[in-house]
Amino acid sequence: MGFLGLAVLVAGLAAFLLARTDLRSYAEKVLSDKIGRPVTIQSLLVRWGTPIALDATGLHLANSSWGSTPDMIAIDRFRGEIAIWPLLHGEFRLDHVRVERPVIVLERDNDAAGNWIGSSSATQGKVRSPVKLPMQL
């Protein structure tokens, strides 16, 4: 009985700490590292449950250094849900995506290289597969 009580206490404490943790800066770092360019997020709200709900405002993905605008992508508001069961099997599935006022700038430099090609050493020379999201705009 004592072990069960301790397990419930630890789970409750973990849930409390996770709910209080600033995931915005962590998400910015992970996305920036993955994409190879700075990603900034003004605010990020995560509602824990089944599914996990995301609500973010002020998303910005930096453009290439030669680009005509500072941001390649700017989104006023993003909402989506992360499906739990696929996540437990290693699959990331984002459902019910809603993007408000997106601005996407796709352009090429003088050598015909697109700004959508990653610029970090992690992405140089690699062909990246497209992201598949079930979206409705």
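Strands β3 (residues 71-82) and β4 pair in the antiparallel sense over 8 bridges. Strands are DSSP runs of E with at least two residues, and helices are runs of H or I with at least four, numbered from the N terminus. Two strands count as paired if DSSP finds at least two bridges between them. Within this pair, Ile-75 stands opposite Pro-102 in β4. The model is a predicted one: local features need pLDDT of at least 70, side-chain atom pairs count only at pLDDT 80 or more, and totals for chains, interfaces and linings use all residues. Residues are numbered from 1 along each chain as its sequence is written, and side-chain values use heavy atoms, with hydrogens and water left out.

The pair belongs to an open sheet of 4 strands, in the order β1-β2-β3-β4, with antiparallel pairing. Its edge strands are β1 (39-47) and β4 (94-104), each of which pairs on one side only. From one strand to the next, the twist averages 10 degrees. Helix α2 (residues 23-35) packs on this sheet and touches β1 and β2 (52-62). The direction of α2 makes about 130 degrees with that of β1. Axes here are lines fitted to C-alpha atoms, for helices over the stretch in contact, and angles run from 0 to 180 degrees between N-to-C directions.

β1 and β2 form a hairpin with 4 residues between them. These antiparallel strands are joined by 8 bridges. Val-46 stands opposite Leu-54 in β2. Between β2 and β3, also antiparallel, there are 10 bridges. Here Ala-62 faces Asp-71 in β3 as its opposite residue.

β2 is mostly covered, with 9 of its 11 residues buried. Buried means under 20% relative accessible area, exposed over 50%, and partly exposed in between (1.4 Å probe, protein chains only). The largest nonpolar core has 17 residues. Such a core is a set of buried Ala, Val, Leu, Ile, Met, Phe, Trp, Tyr and Cys residues joined through side-chain atoms within 4.5 Å. Ile-41, Leu-59, Phe-78 and Leu-94 have the most contacts inside it. Each of β1, β2, β3 and β4 supplies at least two core residues. β2 gives the most, with 5 residues.

Contact means heavy atoms within 4.5 Å. Not counting residues up to four places away in sequence, Phe-78 touches Leu-54, Asp-55, Ala-56, Leu-59, Leu-94, Val-97, Arg-98 and Val-99. Glu-28 is found in helix α2. Glu-28 counts as buried because its relative accessible area is 15%. Leaving aside neighbours within four places in sequence, Glu-28 is in contact with Val-39, Thr-40 and Ile-41.
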